[in-house]
Amino acid sequence: MIEARGLSKRYGDKVAVDDLTFTVRPGRVTGFLGPNGAGKTTTMRMILGLDRPTAGSVTVNGKPFAAVYSAMREVGALLDAKAVHGGRSAYNHLLCLAETNAIPRRRVDEVIGIVGLEEVARKRSKGFSLGMSQRLGIAAALLGDPDVLMFDEPVNGLDPEGIRWIRLLMWSLAAEGRTVFVSSHLMSEMENTADHLIVIGRGKLIADCPIAEFTADGTSLATNVKTPDDQRLAAVVTAAGGRLERGEGDELTVRGLSAEEVGQLALTNGILLHYLAPARVSLEEAFMELTADSVEYQAKTGAQK
Amino acid sequence: MTTAAINTRIRAVPAAAKRPGLPGALRSELTKILSVRSTYWTLLAFVAASIAWAVLDCAGIASHGHGPDFNAAEASLTGQVALGELIIVVLGALVITSEYSTGMIRTSLAVMPRRGVLYAAKAMVFAAVTFALSLITSFTSFFIGQAILSSKHYNTTLTQPGVLRAVLLSAAIVTVFGLFAYGAGAIIRNTAGAISAILGFIFLIPLLAQALPNAWFADLQRWLPGGGALEPIARSTPPIDGHLFSAWGEFAVFSGYAAVLLAVGAWLFIRRDA
């Protein structure tokens, strides 16, 4: 469990994280979503005690990270895959981490096996591809068999097979009752991975809800239809406050109206429909809408000053 | 059930018997320092340069004779004190600055959030490795140097007054200079910057001080962080320059500088964002 209360970080004039309050709960994968520069990494750094909050606090399992009993057994983190000494072999890198928390040597071999780095474990990590470095970082995070796992953009540099692997890993970690907190700026990635989302933009909390709610909550209702009479449908849809767009092939998308509303309109006006289905609003669209709002809001407050 | 999953999860790692602290951090830092090539290259350069200087210096004296301020112990130990120390400074800085240049510091602190413990463990492991090796170098330089000087019967032995002290302090001063650089590295967090600062401190300040009126310089020199003030440390007899402190006195002066830098470094290491 990670709990942030009024967490803020300011670098000079720049506000990186602005009064964030959220709870990351065990037993599920929580996505931490936001555009680049939104403050995701800074938040994670504060969770690990690398950066000191300007205001507010954050705890891991009820304690500030610096006060936890055995850091590696409580939190495993992959912040930056390249944050290793390239001159050290993967094995020695993991060994020197394990030794700090009295984690037995056999666990080093074990995590090397879990991430599939057996063949290069004795090689210096300088020559590793980004994908291999990510696996090494994940191995380091798993060393202490921790209750809380944090991954900052873990799929960067992974091939499709690697992405699938890490997604399964995160699910299985969450299924074991662990807290899994994973950041990404890729909405599509979160859509397939997370159970719960915490969305931030410009350091501020935008949304904190289950992933299903996030897409349903979006204002952009959309419905896909097919009709031989698109001229008349466009007219009635516009009159009802919607908007008709051309989709792929002969498919049309009605924005701003639900499938029920479009069906009712078509029936009332005697328009033949060949196809009618609610369009799934992608997380990406919902996200864009939410962050666009936050940007607008900030611009307005700026102008009022 | 999630709760059931928590309870039935097989723990892959035994629980910590006690809170991770200095013993684990020391083991980890020893693994770190011994698992990168730069350590071996720097230490090899240190040993080679120190012994080579001793050989050349003693061979020169054996063939051309010696001046009035000759001291047999000093002749065999100057290499380590005047040159070897400059190489150890590089390792002392690297031990901590490489954590910043590679980004490893974030990983190190994420597994050992007790920063004071990490900082102390790093310094202790570096000091232990350096002192062990410079002790070997010290004795090796001494015995080789005396063997060369013995051809003219200029040589001395460890049982003569002050000789063993000179051999031991020559090893210790190298370690002190390394710690000096470690402190600077923690403050500056950049390898080139830390090394430049230290070399500036050791070379530049004594050099600039020479521009002072002679009487002032004579009084000041014993307090300077380098230059002529190093001389008494490798000598078995009192310094020629009567303004300088004795070997132990000068050693204390250098240790004082190192202690200040280490303390400032520790304070910043604990306080600053990593």
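Residues are numbered from 1 along each chain as its sequence is written, with chains lettered from A and ligands numbered from 1 in the order in which they are written. Because the model is predicted, local features need pLDDT of at least 70 and side-chain atom pairs count only at pLDDT 80 or more, whereas totals for chains, interfaces and linings use all residues.

Helices (H or I, at least four residues) and strands (E, at least two) are DSSP runs numbered from the N terminus. Among the elements of chain A, the highest mean pLDDT, 97, belongs to helix H3 (residues 90-100), and the lowest, 57, to helix H11 (residues 283-304). Over residues 296-305 of chain A the pLDDT is below 50, and beyond near neighbours in sequence this stretch has 1 contact (C-beta atoms, placed from the backbone, within 7 Å) in the model. Where pLDDT is low, the predicted coordinates should not be read in detail.

Turning to the cores, a nonpolar core is a set of buried Ala, Val, Leu, Ile, Met, Phe, Trp, Tyr and Cys residues joined through C-beta atoms within 7 Å, buried meaning that 20 or more other C-beta atoms lie within 10 Å of a residue's own. The largest such core has 149 residues, and those with the most contacts inside it include A:Leu94, B:Ala93 and B:Tyr182. Helix H7 (residues 163-188) of chain B gives the most to this core, with 18 residues. Beyond its neighbours within four places in sequence, B:Ala93 is in contact with residues including B:Ala181, B:Tyr182, B:Ala184 and B:Ile198.

In chain A, an open sheet of 6 strands has the order S5-S6-S7-S3-S8-S9, with mixed pairing; strands pair if DSSP finds at least two bridges between them. Strands S5 (75-78) and S9 (204-210) of chain A stand at the edges with a single partner strand each, so one side of each is left without a neighbour in the sheet. Strand S3 (residues 28-33) of chain A runs parallel to strand S8 (residues 196-201) of chain A, and 4 bridges join them. Here A:Phe32 stands opposite A:Ile198 in S8(A).

In chain B, residues meeting across helices H6 and H7 include B:Phe126 and B:Phe131 in H6(B), and B:Val174 and B:Tyr182 in H7(B).

Technical notes: pLDDT = per-residue confidence, 0-100. Contact = placed C-beta atoms within 7 Å. Buried ≥ 20, exposed ≤ 12 C-beta atoms within 10 Å, placed from the backbone.
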